[in-house]
4 protein chains.
Amino acid sequence: MPGNSFGTLFRITTWGESHGPALGVVIDGCPAGLELDLAEIQAQLDRRRVGQSRVTSARREPDEVEILSGVFEGQTTGTPISLLIRNTNAKSGDYDAIKDVYRPGHADYTYDAKYGFRDHRGGGRSSARETAARVAAGAVARQILARMGISLIGYTSSMAHLSAQVIDEAEIERNIMRCPDAAVAAEMVALVESARHERDSLGGVVEVRARGVPPGLGEPVFDKLDALIGHAMFSIPAVKAVEIGAGVEVARLRGSQNNDPFELRPDGSIGTTTNHAGGILGGISSGSEIVVRLTAKPPASIAQEQQTVNAAGEPATIVVKGRHDPTVLPRLVPVAEAMLALVLVDCVLQSRATRL
Amino acid sequence: MPGNSFGTLFRITTWGESHGPALGVVIDGCPAGLELDLAEIQAQLDRRRVGQSRVTSARREPDEVEILSGVFEGQTTGTPISLLIRNTNAKSGDYDAIKDVYRPGHADYTYDAKYGFRDHRGGGRSSARETAARVAAGAVARQILARMGISLIGYTSSMAHLSAQVIDEAEIERNIMRCPDAAVAAEMVALVESARHERDSLGGVVEVRARGVPPGLGEPVFDKLDALIGHAMFSIPAVKAVEIGAGVEVARLRGSQNNDPFELRPDGSIGTTTNHAGGILGGISSGSEIVVRLTAKPPASIAQEQQTVNAAGEPATIVVKGRHDPTVLPRLVPVAEAMLALVLVDCVLQSRATRL
Amino acid sequence: MPGNSFGTLFRITTWGESHGPALGVVIDGCPAGLELDLAEIQAQLDRRRVGQSRVTSARREPDEVEILSGVFEGQTTGTPISLLIRNTNAKSGDYDAIKDVYRPGHADYTYDAKYGFRDHRGGGRSSARETAARVAAGAVARQILARMGISLIGYTSSMAHLSAQVIDEAEIERNIMRCPDAAVAAEMVALVESARHERDSLGGVVEVRARGVPPGLGEPVFDKLDALIGHAMFSIPAVKAVEIGAGVEVARLRGSQNNDPFELRPDGSIGTTTNHAGGILGGISSGSEIVVRLTAKPPASIAQEQQTVNAAGEPATIVVKGRHDPTVLPRLVPVAEAMLALVLVDCVLQSRATRL
Amino acid sequence: MPGNSFGTLFRITTWGESHGPALGVVIDGCPAGLELDLAEIQAQLDRRRVGQSRVTSARREPDEVEILSGVFEGQTTGTPISLLIRNTNAKSGDYDAIKDVYRPGHADYTYDAKYGFRDHRGGGRSSARETAARVAAGAVARQILARMGISLIGYTSSMAHLSAQVIDEAEIERNIMRCPDAAVAAEMVALVESARHERDSLGGVVEVRARGVPPGLGEPVFDKLDALIGHAMFSIPAVKAVEIGAGVEVARLRGSQNNDPFELRPDGSIGTTTNHAGGILGGISSGSEIVVRLTAKPPASIAQEQQTVNAAGEPATIVVKGRHDPTVLPRLVPVAEAMLALVLVDCVLQSRATRL
C-alpha cells in the first residue's frame, strides 16, 4: 500500500507538505466514547514545534490544531477524526537556490529518482514538519492509553560524547534539551551553540519508555511488538538505529547474563528481576517496562559549503540556507513518544481478538 | 491483521509449529513467468538448517521443501506458491519438564499471558524453526532480484569481543561462523566451544548488504525502506538492535562528517563518495549499497540452573534441556538475507505504481 | 481495518459528518506526473450535489473543493492528495426531533447499537453527504483512466415501473433524471413529483459501464474484479442489489445461451459476440465493456408518519423533517461512476505487478 | 494486495490448483481456545464435494482434510491453522484438447491475457475446486459463530423457471438440489437431467441467511456489512448478482412500503416488523436475520459445440469434455454459507475495537 498510513485498527493517514497550505492527519479506528482533550493535543504539538529555544530552528509557527470530524459533544464517535494544521510561516523563497541541486544527506535526489520530479520547497513531504501530524495523532492515542493506565516518557539520553548520567524524570521538561540530567543538559546546550557557530550539526540518542503495558501485546510472527516499534521508529526522519532493551550491548553478553530471571511481584503478578529484554519476549509484551532507544543522525542541513551534483548531472557546491535545527534531539522526543503510543494503542485493540 | 504475513504485493504467510507435523509458507503475489530453481530454494534452506556444524544445535533434519502449487511446467503462474517442509526429528519429550515452568528469556510466559495457554513443545510457534519458512520464501524472492541485477550478501561481523577485521567475501561460506575474516572465525569457533562447555551462550552482530538496488525504492512516509527493513529484521527471533549504514555511530558524528557528498560515477549515474546513510535517504534507496546490521542476543536456552517461576506462580529453578545453539549467528545470516530479499522484492513491485 | 478507506494501491480515506464543519478525502497512491484538472473535479462534484433540480433535496451547497496537498505546479507529486469540502448549509436544528427516536430504514438504531451513541445531526457519518468525498476522489481516478483510454458512463435505467427503452447517451445529462430515454425521463419526473406530493419516495436502478478496459484486470481469487466492484457498489448508501452483465437474468438462461462466444475483432484483438458476462470472466476483465447495475431502495426519509421506537425502548411515531430526496437515482449516477473509477485505477496499478 | 486472502482479523489465504498435488488454506487470526471439531470441518467439505449425486460432476474425491498446525491438544492456539486437501482424482489428460483453445464463459482467455500463460489443467486456479479450501475455513468460522449463538442456513431457491414455494428447512438437506420445497426439488432434478441430456447447463438462485447476529456488526463507510458480503459473494465463481433483503424488488417499492418499522420484541430488544433490509441498516447489522441471495450463471462447460478462437487468434470450435456439473446450485450452498460465516466472524472480532 502507499506509505502514508500507519496502524491496522487504530490507523492514521498523514498528508501535507512543509510549504503547502496545511498538513494533517485522519485517524480511523479511534474507539467511540473517549472524552477528547483538545488542549492536551495542542500541548503535545507545542512540545514538538519549532522556535521554542535556541537549540531548534528559528521558524516560528503556532501549529494550531483544528478538529474537523469524529467528535460530537466532546466525545469521539468512532468515525474518522480529521485534524488539520495550517502552515503559516513557510518561506519558500529560501529554497529556490536548491531547486536544481541535491543537498547531501537529504531526500532531494531520491525523491527525484522515484517520482521524476519533486516539490523542492522545504523538502516537501520528506520534511520533518510532517511529524507534527504524527504528534497530533499520537496525542489522541496517549489519551486512550492513559485510560488503560499506560504512560509514556521520553528524553535525550546522549548527544555526541555527552551522556546523561542520571535519569531525573522531573528534570526532563525543565531544560531545552529534554535531558534528564541537568548538568549534562547544560553541557549539551553549550555544545549545540558551539556547533551552530561552526555551521555544523550534532547526532545523538533518544530513549522512550512505556509503563503499565499489560503482558500479551504484539502479534507473532511478523507483527511482533518489537517489529512494529522498529517499523514506527525507523519511519521517523533521521533515525539510523533502533534498540530494544539492552540493544547493541547484548552482543557482548552471555545468556546467563542477559536472561532476565522471572520473579513474583508483591502484587502477585509475574515480573523479571532485570529488564535486558526491554519488556518484550518472543515479540510479545511481558508486563515489564518497554524500553526503546533511537539514534538520530546530525541534521543534514548545514550552512557550510558541501560537494554535490545538480539535476543536470554536473558537480556543484551547496550551502544550505533556511532555518534548520543543529540537533533534532529535543524535538524527536515527542515524535518518538507519539509513534510508540500509536503502536501500543493498535496492539491493545488488536489483542481483543486474541481469545475466544 | 494477524501477524503471520509479511509484505504487500509479494506477500508471504508462514505457518507451523516447531513440533507439529510440518511448517510452510504461502507466497502470494509472485509475478508470473519466473523459471523457479527449486535446487536454489533447497540450498538456502540447507544454509539455515541445524546440525551443520559443532556451533549449532544437534537437531538434524533434512528440511526438504515440497512445492504444492503455483508452478506449472517449471514456471511461476502468478498464483500462490505453497511450500511445505515436514518436521521429521522433533523430540517433544524433551520439553515435558518445562511444561509448567517459564524459561527465562523465552516466550513461554508471554504466550501464556496472551493466549491463555501455549504449545510448550519446543516453543511452538515462537521457535526459531519458523524461520525456515522465511528462508524458503526469501529464496524465491532472491531469484526475482537476481533477474534485476540485485544481489545480497550477509555475514557474522562480530561475536562477544571478537570482530571481523577484514571483509573477505570469498571466506564467508568457508567457515562455520560465516565470518568474512578467517582468523577471527577460528577464534569465534573456539569461543563458542568454550561457551558450550560452560553451558552458556553468546550474542553478536550480523551484517547484510544488498547491491544493485536501483534508486527510488521505499514509500514515504511510514513505509520508508528503512522502516520496512526495521520491521522485517526485528521480526527475527533474538534481534535486539537494527542499524542502517553508520547506525549507532552517527550519534557521535557531525553533519559535516556524516553527510555523504554526491558525485558523478564514471557510468554517468549519481552516487555518493561515502555511504554513512547505508543506501537510504529520506526512506528511499539512493542506488548505493544497502547496509543493515542486526545485533542478536545470546540464545536464552542454556543448560545451567536459572531462577524463574512456574505457571502456578511459585518460585522455581530450571535447567533447559533440548538441543540448542550456543550462538544463532551463522544461522541468522541466511534468515536476515531472506528478510531483506522479501522487503526489496515488495518495494520493486510497489515502485511500479509510482509514476503515471 | 476500520472502514473509511478503500483501495490498495490507489487508496482513499474519507472523513467528515453531514453537519460538521467539513468533509474530505485523502488520496494516497496517486501516481506522480498527472496534470490534475481541478475544474473537472469540481464538475463531478456539481453533478452529485443537491439543489440541482426539483427531483432532489432542497439543501443547497456549493460543495467547493479545496486541494491542500499532493499537487505542485499543477502536477501530482506522488504524495497524498488532501481534498476538503466545507459544509455551509447544514441545518442541524431540523434533527433535534429525531435525537431520541430511530427513523425506520435509517442507520440511527444500528449506529447507536454499535457505538453506544451517535451524532444525530443529519445522520452524521451515515449520511449520503459522505459520497461527495468519493466523487471528488473518483474524479481524480477518472483523469488517470482517461489517460489510458478508459471512459465511464452511467445513467438511470429504471425507476418503479418505468424503464428506459432506448439508450441515447447524448440524452443522459440533458434531463434531471439522467435517464438515456427522453420520453421515459419525462414520465419519471412526473412520478417523482407525484411521490413527493404523497410524501413518499421511489426506488430504481442505475447502470454504469466502463469502456476501453484492457483484458487482465482483477486479482483471483478473492479480489476478482467483480468482487471489488461488488464491495464498492454495496458501500454506497441505499444499494440493495448489484448485478454484473446479465445479472439476475442468468438464472433463467442455459449455458448455451449465456456463454459469450469468442471472436476475432477486425483490429486483431479477441472479443465476444455477446456480453452476458459484463466484461468479466473468472474475475478478470476480458476487454469487453464492463457492465454493472445497482438497485437502490427508495429513500428512507419520508414526510409521513411511521411507527418506530425511541432510544428508551418505547413505541413512538415519527415524521422525518429535513430536506430529503424523493429519489436518489440521478445523484447516485456520479457516485457509482466514481466507485467504478476507483476500482479500475487500483486494478490497473495492481496489474503492473503481475508479470516478471 | 494479491487476491488470495480474505478477511482482516480472521484472515484466510487459499492456494492450490485443480490439478496440482493439493490445495489448502491458512487461517490466520483464529482466536485461541476453540475446541475444534474436525469431523464438522469434514462434514462441510462432504457437502461441497463432487460426485454426491446425479446433479453434480462425476469426479469423485474424498476431499479429506488434514490439519498441519494451529491446534494443540484439540484446541486452537491462536497461531495459523493450516488445512490441506490432497487432489486424488485429477484427470489432466481431459484438458489437453483445450490447451490452446479458449472455452467460452471460462477464464482461459483472461488468465492468458493477465499472466502471459496459464495452467490449462482443469482451469488451474480459476477452477471451482478452489472453493473446497473456503468451505474448510468457513467450517472453522462457523464453530466460532455457533459459540456466539449465530447460525447459518442456505438453500437453492430457484433454478430456471422453477422456484421454491415453501421454505421447509428440514427438507433442505434431504434432496440433492438442497431445495426447501420437496415438490419443486423433484422438478428441479428432472430439469437437470433433461439439461444434461441436451448437453446444456442451468442457472439459478441460492439464498443464505444468518440468525442470531447481534446488532452493530460492519464498519462504515467502505466496509459496511453488505459491502463485505458483496465482496465475498462475488468472489465465488459463477455468481453474477448479489442481493440483500428485498434486493432487486426495492426498485418497485415506495419508501412507505420498504421501510421496516421498528418494534419492541417481547424480550425487550428492538426489532422490525418486516425485514426488507435483510438485517442491515446503514451497513451495520440490525439484529434481524441477514438475508443474502446469489444468482449463479449456468456452468460454462457444456458438451455441445461452441464457437471460439484459439491462442493463435484463429476461429475454432470446441466441445468441452471433462466431468462437469450441469448446475452449481446444490454445491454453491455450502460455499455461500462459508463465505457468509467468514465475513461474520471477521466483523465480530473487528467489533471488539469499536468502543473504549
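## A bridge between two chains

C:Ala241 has D:Glu243 as its bridge partner in S11(D). The strands S11(C) and S11(D) pair in the antiparallel sense over 3 bridges, where pairing requires that DSSP finds at least two bridges between two strands. Strands here are DSSP runs of E with at least two residues, helices are runs of H or I with at least four, and both are numbered from the N terminus.

This is a predicted model, in which local features need pLDDT of at least 70 and side-chain atom pairs count only at pLDDT 80 or more, while totals for chains, interfaces and linings use all residues. Residues are numbered from 1 along each chain as its sequence is written, and chains are lettered from A and ligands numbered from 1 in the order in which they are written.

The pairing of S11(C) with S11(D) belongs to an open sheet of 10 strands, ordered S9(C)-S8(C)-S10(C)-S16(C)-S11(C)-S11(D)-S16(D)-S10(D)-S8(D)-S9(D), with antiparallel pairing. Strand S9 (162–163) of chain C and strand S9 (162–163) of chain D stand at the edges, each with a single partner strand, so one side of each has no neighbour in the sheet. Within chain D, strand S11 (residues 239–244) and strand S16 (residues 290–296) pair in the antiparallel sense over 5 bridges; D:Val242 stands opposite D:Leu294 in S16(D).

Helix H5 (residues 225–234) of chain C packs on this sheet, touching S11 and S16 of chain C together with S11 of chain D, and its direction makes about 155° with that of S11(C). Helix H5 (residues 225–234) of chain D touches S11 of chain C together with S11 and S16 of chain D, at about 155° to the direction of S11(D). Such angles run from 0 to 180 degrees between N-to-C directions, and axes are lines fitted to C-alpha atoms, for helices over the stretch in contact.

## Contacts between chains

In all, 94 residues of chain C are in contact with 94 residues of chain D, contact meaning that C-beta atoms, placed from the backbone, lie within 7 Å. The side of chain C that touches chain D has 42 nonpolar, 36 polar and 16 charged residues. In this classification, Ala, Val, Leu, Ile, Met, Phe, Trp, Tyr, Cys and Pro are nonpolar, Asp, Glu, Lys and Arg are charged, and the others, Gly among them, are polar.

Chain D also meets chain A, with 15 residues of chain D in contact with 15 residues of chain A. On the chain D side these comprise 8 nonpolar, 4 polar and 3 charged residues.

## A sheet within chain C

Chain C also has an open sheet of 5 strands in the order S1-S2-S3-S7-S4, with antiparallel pairing. Strand S1 (5–6) and strand S4 (65–67) stand at its edges, each with a single partner strand, so one side of each is left without a neighbour in the sheet. Strand S2 (residues 11–16) and strand S3 (residues 22–28) of chain C pair in the antiparallel sense over 6 bridges, and C:Gly16 stands opposite C:Leu23 in S3(C).

Note on methods:
Contact = placed C-beta atoms within 7 Å.
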